[in-house]
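Have the sequence and the 3D view open.

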Amino acid sequence: MHHVGILCENLERSMAFYQDLLGLKVNPARPNDKLPYRGAWLWVGSEMIHLMELPNPDPLTGRPEHGGRDRHTCIAIRDVLKLKEIFDKAGISYTLSKSGRPAIFARDPDGNALEFTQV
């Protein structure tokens, strides 16, 4: 996989979540000025998330509370407990894996479901 595209309503708000809270780094080699919308490319290991400031056609209400029961992007991390502490401190809602494995599910500011699984 090369990248995952994630729609956002406000790029600055999403960058505060993905870059500032999660610590993802911007890929400065990817074009930001060649597309007809605002966006950013963020490294996740050797792959990327492409944040795109575009209207989201998906409903924001009626989505499952547990992101594992919704479309989601999974990111491998080293320490689920550390991320849980970061989310607790930031007031980010999350659920833990229903299977008991070390994984945490949360939603970004636009309601996109994210899974973080410990590897």
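Leaving aside its neighbours within four places in sequence, which residues is S14 in contact with? They are C8, Q19, L51 and D110; contact means heavy atoms within 4.5 Å.

## Basis

This is a predicted model, in which local features need pLDDT of at least 70, side-chain atom pairs count only at pLDDT 80 or more, and totals for chains, interfaces and linings use all residues. Residues are numbered from 1 along each chain as its sequence is written, and side-chain values use heavy atoms, with hydrogens and water left out.

## S14 in its helix

S14 sits in helix α1, residues 11–21. Helices (H or I, at least four residues) and strands (E, at least two) are DSSP runs, numbered from the N terminus. S14 counts as buried because its relative accessibility is 0%. Buried means under 20% relative accessible area, exposed over 50%, partly exposed in between (1.4 Å probe, protein chains only).

Strand β6 spans residues 103–107. It is largely enclosed by the rest of the structure, because 4 of its 5 residues are buried.

β6 pairs with β5 (residues 94–96) in the antiparallel sense, over 3 bridges. Two strands pair if DSSP finds at least two bridges between them. β6 also pairs with β7 (residues 113–118), again antiparallel, over 5 bridges. A106 of β6 is the bridge partner of Y94. In β7, the bridge partner of A106 is L114.

## The two hairpins

β5 and β6 form a hairpin with 6 residues between them. In its turn, G100 has a positive phi of about 90°.

The hairpin of β6 and β7 has 5 residues between the strands. Here G111 takes a positive phi near 85°.
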